[in-house]
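Here are my notes on the model you sent.

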Amino acid sequence: MSTAPTPPRASLLLLAYLAFVSLGLPDGLIGVGWPSIRADLGVPTEAVGVVLTAGTIGYLTSSVLAGFTLARLGVGWLLAGSTLLASLALTGYALTPALALMTGCALLLGLGSGAIDSGLNAYAAGAFGPRHMNWMHAFFGLGVAIGPLIMTGALSAGLAWRWGYGIVATAQLALATAFALTVRAWRDRRAAGLAVPPDPVAPAMVPGGPAETSTPDRNARTARIAETLRLPAVWLGAAAFAVYVAIEVATGLWAFLLLTEGRGLARATAGLCVSGYWGSLFVGRV
C-alpha cells in the first residue's frame with residue numbers, strides 16, 4: 001500500500017518558479033534590444049527573423065528529445081546543464097561581433113530553454129500537481145515582463161544593449177549552480193512530494209527516476225499516442241496554439257520598434273509599455 005504524496009519541498013518549488021522566470025527573460029530582451037542590436041551589427045531590421053528561427057529550431061529539437069535526455073540524466077542534471085547552456089548562449093549574445101555568431105547562440109539558447117521547459121513540465125506533472133504547474137507558467141509571464149525592464153534600464157543608463165544580456169546570463173549561471181547543488185533533492189521522491197512505491201524493486205516511472213518499463217507498457221503508450229494523433233481536435237488545438245503564439249511573440253517583438261520609431265515615444269516609456277504587455281500575460285495566468 002503506497003503512502004500518500006507529501007507537499008513538495010519549498011526550495012524545489014522556488015527553483016521551479018525561478019526556472020520559468022529565467023525562460024521568459026531572454027524573450028523579453030530582444031524586442032527592446034533589437035533596434036540597438038541591428039545598428040551595432042549593421043544588419044537590416046528583418047534579420048531578427050533568422051535569430052528567432054534558429055532559436056525555434058533548437059527549442060523544438062530539445063523538446064522532442066527531452067524524454068530521452070530526462071531518462072538518462074535525471075531532472076536535476078538536465079536542469080543544471082540546460083540552464084548552463086542558456087547562460088553560455090546569452091554570454092555569446094553579449095560578446096557577439098556578428099549576426100552569424102548570434103544566430104548560433106540563438107540555436108544553443110533554444111536547445112537549453114526547450115530542455116528546461118519540457119523537462120520541468122514533465123517532472124512537475126507528477127511531483128507538484130496542476131496548481132503549482134499553473135503558477136510555474138504564470139512565472140514565465142513574470143520573467144518575460146522583467147526582460148524589457150532590464151534592457152530598458154541598461155539603455156536608459158547609457159549602457160550598450162550587451163549589458164542586458166550579460167545581466168541575464170549571470171542570473172542564469174547562478175540558477176544553474178543552484179540546480180547542480182540540489183541534484184539529490186530532485187531525485188528524492190519524498191522531497192518532491194511523490195508517493196513512495198511499496199516495492200522498492202519495481203521500476204518507478206517518475207521523471208528523473210528509472211526509465212525501464214515492460215514491453216506491454218511501452219506498446220500501450222505508443223498505441224495511446226497514435227490514437228491521440230488521429231483526433232481532429234488535437235490538430236485543431238495545435239494549430240490554434242501556433243497562431244496564438246505567433247501573434248503573441250510578434251506583438252512583443254515589434255511593439256518597441258513601433259512605439260519608438262513609428263509613434264515617437266521615448267525609449268524608457270516604450271520599454272515600460274512592452275513590459276506592461278508581457279505583464280498582462282502573468283496577470284492572466286494568475
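Which backbone oxygen does the side chain of T96 reach, and at what distance? Point 2 takes this up. First, some context.

1. **Overall make-up.** This is a predicted model. The protein has 12 helices and zero strands. Read from the N terminus, the order is α-α-α-α-α-α-α-α-α-α-α-α. Of its 286 residues, 44% count as buried. Among contacts with a separation of 6 or more, 79% join residues 24 or more positions apart. The accessible surface is about 14100 Å², and carbon and sulfur atoms hold 71% of that.

2. **T96.** The side chain of T96 reaches the backbone oxygen of A98, at 2.7 Å. T96 sits in the loop between α4 (75-95) and α5. Is T96 buried or exposed? T96 counts as buried because its relative accessibility is 0%, and the cut-off for buried is under 20%. Beyond four places in sequence, T96 touches L41, L101, M102, W161 and R162.

3. **Helix α5 and S113.** Helix α5 covers residues 99-127, and S113 is found in it. The helix has 29 residues. From first C-alpha to last, α5 reaches 41 Å, close to the 42 Å expected at 1.5 Å a residue. S113 has a relative accessible area of 10%, so this serine is buried. With neighbours within four places in sequence left aside, S113 is in contact with L23 and Y59. Just after α5 comes G129, with a positive phi of about 90°.

4. **Helix α6.** This helix has 27 residues. Its first and last C-alpha atoms lie 40 Å apart, close to the expected 39 Å. Just after α6, G158 takes a positive phi of about 85°.

5. **The nonpolar core.** Which residues touch the most other members of the largest nonpolar core? They are F128, Y165 and W186, in a core of 67 residues. Helix α1 (residues 10-41) gives the most to this core, with 16 residues. As background, nonpolar side chains in soluble globular proteins tend to be buried together. Take Y165: leaving out residues up to four places away in sequence, it touches L29, I30, I37, L90, Y93, A94 and M151.

6. **S36 on α1.** S36 is placed in helix α1. Its contacts, apart from neighbours within four places in sequence, are L155, W161 and R267. S36 and L155 are 119 residues apart along the chain, yet their C-alpha atoms are separated by 9.0 Å.

7. **Aromatic pairs.** How many aromatic pairs does a search of the whole structure find? The search finds 10. One to look at is F139 with F282. Their ring centres are 6.2 Å apart and their planes stand at 75°, so the pair is edge-to-face. F139 lies in helix α6 (residues 130-156) and F282 in helix α12 (residues 267-285), so this pair ties together parts that are 143 residues apart in sequence. Ring pairs also link Y17, W135, F139 and F282 into a cluster.

Conventions:
Residues are numbered from 1 along each chain as its sequence is written. This is a predicted model: local features need pLDDT of at least 70, side-chain atom pairs count only at pLDDT 80 or more; totals for chains, interfaces and linings use all residues. Side-chain values use heavy atoms; hydrogens and water are left out. Helices (H or I, at least four residues) and strands (E, at least two) are DSSP runs, numbered from the N terminus. Buried means under 20% relative accessible area, exposed over 50%, partly exposed in between (1.4 Å probe, protein chains only). Contact means heavy atoms within 4.5 Å. The expected span of a helix is 1.5 Å times one less than its number of residues. A nonpolar core is a set of buried Ala, Val, Leu, Ile, Met, Phe, Trp, Tyr and Cys residues joined through side-chain atoms within 4.5 Å. A polar contact is a pair of N or O atoms within 3.5 Å; within protein, one must be able to donate a hydrogen and the other to accept it, and residues adjacent in sequence count only if both atoms are side-chain atoms. Rings of Phe, Tyr and Trp (its six-membered ring) pair if their centres lie within 6.5 Å; planes under 30 degrees apart count as stacked, over 60 as edge-to-face and the rest as tilted. Accessible areas come from the Shrake-Rupley method with a 1.4 Å probe; for residues, only the protein chains shown count as cover.
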